[in-house]
Amino acid sequence: MRLLSSKASCNTHGQDSSYFLGWEEYEKNPYDEAMNPEGIIQMGLAENQLSFDILESWLAKNQDVAGFKRDGKSIFRELALFQDYHGIPSFKKAMVDFMAEIRGNKVTFDPNHIVLTAGSTSANETLMFCLAEQGDAFLLPTPYYPGFDRDLKWRTGVEIVPIQCTSSNNFQITESALLQAHEDAKKRNLRVKGVLVTNPSNPLGTTMSRNELNLLIDFIKVNKDMHLISDEIYSGTVFSSPGFISIMEILKERNYLKDSSDAAQVWNRVHVIYSLSKDLGLPGFRVGAIYSDNDEVVAAATKMSSFGLVSSQTQYLLSAMLGDKKFTKNYLLENQKSLKRRHRMFIYGLQKTGISCLKSNAGLFCWVDMRHLLSSNTFEAEMELWKKIVYQVKLNISPGSSCHCTEPGWFRVCFANMSEDTLNLAMKRLTTFVATITGANESKKNSGTSRTMSLPNWVSGYLLVIIGTRRTIISRDDIAWSWLVCEV
Ligand SMILES: Cc1ncc(COP(=O)(O)O)c(C=O)c1O
């Protein structure tokens with residue numbers, strides 16, 4: 001007899017993915033400047049550690065709140081007692097106002113339509129539970145956040161069918177890819193319950209275009225039994241143009257009035273996921289939310305939220321913090337500035353190694369193109385390179401295959417979960433490694449029998465990029481271009 005239930009032991013959790021294996025390797029040998037300078041640097045964790053000083057200075061100025069006092073009196077007992085699963089009203093109001101502020105107040109959110117959850121992980125699973133039967137499917141554009149295999153599939157039995165996006169158009173969703181995914185699901189006899197996207201994208205670090213968002217709305221307008229879930233957990237991390245467009249703005253732009261029959265069809269089937277894990281850098285606080293204009297979905301998700309409530313002291317603290325409009329305004333601005341600066345530093349570091357990445361404007365990571373470093377255009381070669389980077393270079397990054405990317409050689413690399421010094425060290429390690437590989441390739445070619453002039457792997461890689469897919473390379477400030485021209 002088996003000890004564990006089939007649900008607990010089934011492998012749809014995805015824990016064998018290189019995404020989680022990389023974390024395990026990091027845990028065994030974590031880099032520490034003083035204690036373990038040769039250790040692995042964690043670049044596989046999308047954490048935002050760049051704005052803690054702003055949060056800490058707010059806490060220092062608001063010690064009453066952090067000490068669970070109101071008007072100088074302790075409210076410990078009030079907070080310690082059980083609160084119902086509807087959440088604290090002042091916190092829900094502060095959350096929806098914060099969400100609106102991130103969207104430039106172009107849209108507003110009703111606090112009665114928000115369901116609090118223990119992070120977006122719980123929010124995404126709750127929505128799956130509420131909207132789909134076991135064996136139903138959601139369509140997700142690739143590459144996608146590796147945690148979705150666990151969050152969407154594992155306990156609910158829901159299937160993910162990929163919408164195959166490729167580097168040929170910077171991984172944007174096309175109508176043909178969307179329809180193809182729908183067809184693929186039908187061939188597998190799966191009932192499709194909707195589409196789930198992350199905007200801005202994890203792992204791409206890009207915001208979705210108006211065209212893509214309209215395409216998705218058109219799709220669920222035609223397919224009236226489908227939902228559209230927009231995971232907007234990175235909405236406050238957008239640091240460059242083009243700006244962020246929430247799916248809610250598109251609904252508003254299309255002028256659907258909530259009480260018209262057209263609107264009832266669409267508004268009722270669009271749901272937004274949010275969390276404070278990324279924008280505020282508080283994944284340990286476990287604060288997430290589902291926003292929906294559909295009363296039935298809100299009621300069902302609220303019942304479900306018993307399984308992952310946000311503690312009352314967290315709600316109390318954050319209702320005061322997010323209720324401080326001067327703080328939120330300053331925080332969002334400064335956080336974006338820090339991310340922009342860090343992103344630039346990372347890109348320049350990569351350029352020095354001869355590596356490019358998808359042009360991005362958001363998130364805590366870049367989608368890095370190492371196709372030219374592969375020994376062959378296969379996922380085996382991607383794993384081979386990944387192992388070298390984890391074990392020899394001692395950097396934990398996430399292979400594209402763990403994000404279900406269809407092209408070998410892409411990696412998600414995080415840049416906001418470490419100090420500048422650590423990032424510099426990581427780039428130094430990478431530079432040495434790339435020089436070794438390209439040097440080895442070079443001498444192999446020079447000592448070979450071929451008499452044709454050969455360029456190093458990475459240079460020909462760049463030539464390809466220049467001639468072929470110009471837009472996939474980082475061309476900002478044109479520094480990359482002048483540098484590349486010189487090198488070539
Ligand atoms: C797209 C996306 N959704 C959800 C999550 C889960 O976040 P949380 O910490 O709020 O559960 C993550 C975390 O990396 C994410 O990237």
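Mentor: Of the 488 residues of the chain, 55% count as buried, where buried means under 20% relative accessible area, exposed means over 50% and partly exposed lies in between, with a 1.4 Å probe and protein chains only. This is a predicted model, in which local features need pLDDT of at least 70 and side-chain atom pairs count only at pLDDT 80 or more, while totals for chains, interfaces and linings use all residues. Residues are numbered from 1 along each chain as its sequence is written, and side-chain values use heavy atoms, with hydrogens and water left out.

Trainee: How many helices and strands does the chain have?
Mentor: The secondary structure comes to 19 helices and 15 strands; helices (H or I, at least four residues) and strands (E, at least two) are DSSP runs, numbered from the N terminus.

Trainee: Why is aspartate 149 called buried?
Mentor: Its relative accessible area is 8%, and the limit for buried is under 20%, so aspartate 149 is buried. Aspartate 149 has its place in helix H8 and, leaving aside residues up to four places away in sequence, touches Thr12, His13, Tyr144, Trp154, Ile160 and His404, where contact means heavy atoms within 4.5 Å.

Trainee: What makes glycine 308 buried, and where does it lie?
Mentor: Glycine 308 has 9% relative accessibility and therefore counts as buried; it lies in the loop between helix H13 (295-304) and helix H14 (312-323). Its C-alpha atom and that of threonine 117 are separated by 5.5 Å, although the two residues are 191 residues apart along the chain. Not counting residues up to four places away in sequence, glycine 308 touches Leu116, Thr117, Ala118 and Ser122.

Trainee: Is phenylalanine 109 buried or exposed?
Mentor: With a relative accessible area of 7%, phenylalanine 109 is buried, and its place is in the loop between H6 and strand S4 (114-117). Among the residues that phenylalanine 109 touches, not counting those up to four places away in sequence, are Val96, Arg103, Met248 and Tyr291. Phenylalanine 109 and methionine 248 are 139 residues apart in sequence and 9.4 Å apart in space, C-alpha to C-alpha.

Trainee: Which labels do asparagine 105 and lysine 394 receive?
Mentor: Asparagine 105 has a relative accessible area of 52% and is therefore exposed, whereas lysine 394, at 23%, is partly exposed. Asparagine 105 is placed in the loop between H6 and S4, and its phi is near 55 degrees, a positive value in a residue other than glycine. Lysine 394 is found in the loop between helix H16 (379-392) and strand S13 (395-396), with phi near 65 degrees, again a positive value in a residue other than glycine.

Trainee: What makes the largest nonpolar core a core, and where does it lie?
Mentor: A nonpolar core is a set of buried Ala, Val, Leu, Ile, Met, Phe, Trp, Tyr and Cys residues joined through side-chain atoms within 4.5 Å. The largest one has 74 residues, and those with the most contacts inside it are Leu139 and Leu280. Helix H6 (residues 89-102) gives the most to this core, with eight residues. Domain 1 (6-46 + 338-446) and domain 2 (54-323) both give residues to this core, so it lies between them; the domain bounds come from an automatic or database domain assignment. Leucine 280 touches, among others and not counting residues up to four places away in sequence, Leu55, Phe98 and Tyr331. A second, separate core of 45 residues includes Phe239, Phe365, Cys366 and Leu374.

Trainee: At what angle do helix H7 and helix H8 pack?
Mentor: Helix H7 (residues 119-131) and helix H8 (residues 147-154) pack at an angle of about 40 degrees, with their axes 8 Å apart; axes are lines fitted to C-alpha atoms, for helices over the stretch in contact, and angles run from 0 to 180 degrees between N-to-C directions. Thr121, Asn124, Glu125 and Met128 in H7 meet Phe148, Arg150, Asp151 and Leu152 in H8.
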